[in-house]
Amino acid sequence: MKLTVVGGGYVGLTTGVCFAHLGHEVMVVEKIPQKVELLKAGKSPIYEPGLEELMQESLRAGRLSFTTDLKEGLEFSDVIFICVGTPQRPDGSADLSQVEEVARETAKLMTSYKLLIEKSTVPVNTHQLIKKTVQRYIKSPDIPYDVASNPEFLREGSAIEDFLKPDRIVVGVESERAKKIFEDLYKDFNCPIIFTDPATAELIKHASNSFLAMKISFMNMVADLCEKTGADIKLVADGMGYDKRIGREFLNAGIGYGGSCFPKDVKAFIRIAQDYGLDFGLLKEVDRINQERPIRFVEKVKSIFWSVKDKKLAVWGLAFKPNTDDIREAPSIKIVDMLLREGAKLSLYDPKAMENFKLLFPEGKGISYAKDPYSAVENAEALLILTEWEEFKKADLKRVKSLMALPIIVDGRNVYEPSEVRALGFEYYPVGR
Ligand code: NAD
């Protein structure tokens, strides 16, 4: 099929590249010209494992193209995936101005049937607003169109795999014509395809993300209880996780969830409920617990040292999760900021996210960036682990200890087995163990 993807970020680029990999002809419309230049040259503006290779393969095969011009994208195909950002507004609600712009501009430019698909995460009933906008700006009331919801569930760091082998595909449609397009598009996917109305599909996405965030906050509170009582959160999670009704995933305690989805989607879901006269107090607690995690972590570091002023601290991990360069809403931002305010001297290292982090925290004023994990810990009085990269799991801890001024590890992600690290002579502070 011929497909157009509007928005060349984490979701849009993955969507475009994966559909092209599956043999479709795809045009990605991205409004930032510098990004399009990079993409045309076969370079990904973001780090996502396997993405650049797959993109180059489809570029070479002539199945993938990029443009800044929406008109060109609309002339290219009838199936339009909207993958633009829906960031958080100060009041917690979703800023839908990018989606509105795409709907409005598409309406002005389209001359024949288009299927407009929401892949961005949007509040329930956004499809109604898209339809209203298209009706208002369309050149002629005779031009047919459909609006559908096909939310994306991929995770950064494993986006390609998640896209190509999803647990399920959710499609909210209102017409047989639109349904048929999706049936053709997804016919080779080996997973349940759930057809619903658009409102239900929109709600499934927010409800899923909020539920996963709830699991994390729940476990983080249990981890606090473990620290007070001497219980071990890892074993508690294992013991709970074998129960099929609970499942082991998303039961890891740590310094809280981050990224461009969970924090904003939980807040948006609270707002959506509020807009319909409902108080989703449960999710307010989920959000509150999560916001406190970085504060608790810094308190822990402070309690170890009495004062962190002028202490040289190494930080491993800045990305909000492993295998990505994304630092949006990463707990590391709050933690680094708080430690700097306390007067600590920080030596930071992350395998992929340092360039993005430098934009927020430039070198100087208590911050330096290290070229590898070992130079980061040289003469450090403690090592703080904020992202569970594989590289850190495999690190040579004997070497780390020999380089540090004091053998102290404060692990916000439970990367190591406490008994093993302590046997090496470290003072080790994990979460909830
Ligand atoms: P992003 O910020 O990485 O990408 C959005 C892109 O859209 C940007 O490159 C921006 O320049 C471009 N854009 C904005 N307006 C445009 C326009 N009018 N025309 C062309 N391009 C335009 O965002 P993302 O992380 O890809 O997320 C996109 C949506 O998908 C959000 O709603 C998000 O909540 C949702 N989502 C994200 C993930 C994730 O893991 N990142 C997963 C599932 C769903």
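This is a predicted model: local features need pLDDT of at least 70, side-chain atom pairs count only at pLDDT 80 or more; totals for chains, interfaces and linings use all residues.
Which helices each supply at least two residues of the shell around the ligand?

Okay, the overall layout. The protein is split into domain 1, residues 2-195, and domain 2, residues 197-433. If you take the centres over C-alpha atoms, 32 Å separate the two domains. They do touch, though: 34 residues of domain 1 are in contact with 29 residues of domain 2.

Now, where's the ligand? Both domain 1 and domain 2 give residues to its shell, so the ligand lies between them. In total, 28 residues surround it, and the closest are Glu30, Lys35, Thr86, Glu156 and Lys264.

Back to my opening question. The answer is helix 1, which is 10-21, and helix 5, which is 97-109. Helix 5 gives the most, with three residues in the shell.

What kinds of residues make up that shell?

Let's zoom in on some atoms. Glutamate 156, one of the closest residues, has a polar side-chain atom 2.7 Å from a nitrogen atom of the ligand. With lysine 31 we're looking at the backbone instead: an N or O atom there lies 3.2 Å from a ligand nitrogen. And serine 260 has a polar side-chain atom at 3.5 Å from a nitrogen of the ligand. So how much of the ligand does the protein bury? Taken alone, the ligand exposes 830 Å², and the protein buries 91% of that.

You'll find valine 308 in the loop between helix 12 (281-305) and strand 9 (312-316). Is it buried or exposed? Its relative accessibility is 1%, and because the cut-off for buried is under 20%, valine 308 counts as buried. Setting aside neighbours within four places in sequence, valine 308 is in contact with Val301, Lys302, Leu339, Glu342, Gly343 and Ala344. Also have a look at leucine 340: valine 308 and leucine 340 are 32 residues apart in sequence, and their C-alpha atoms are 9.3 Å apart in space.

Last one, serine 375. This serine sits in helix 15, residues 373-377. Its relative accessible area is 18%, so serine 375 is buried as well. Again leaving out neighbours within four places in sequence, serine 375 is in contact with Ser347 and Ala370.

Terms used. Residues are numbered from 1 along each chain as its sequence is written. Side-chain values use heavy atoms; hydrogens and water are left out. A residue is near a molecule or strand if one of its heavy atoms lies within 4 Å of it. A polar contact is a pair of N or O atoms within 3.5 Å; within protein, one must be able to donate a hydrogen and the other to accept it, and residues adjacent in sequence count only if both atoms are side-chain atoms. Accessible areas come from the Shrake-Rupley method with a 1.4 Å probe; for residues, only the protein chains shown count as cover. Helices (H or I, at least four residues) and strands (E, at least two) are DSSP runs, numbered from the N terminus. Domain bounds come from an automatic or database domain assignment. Buried means under 20% relative accessible area, exposed over 50%, partly exposed in between (1.4 Å probe, protein chains only). Contact means heavy atoms within 4.5 Å.
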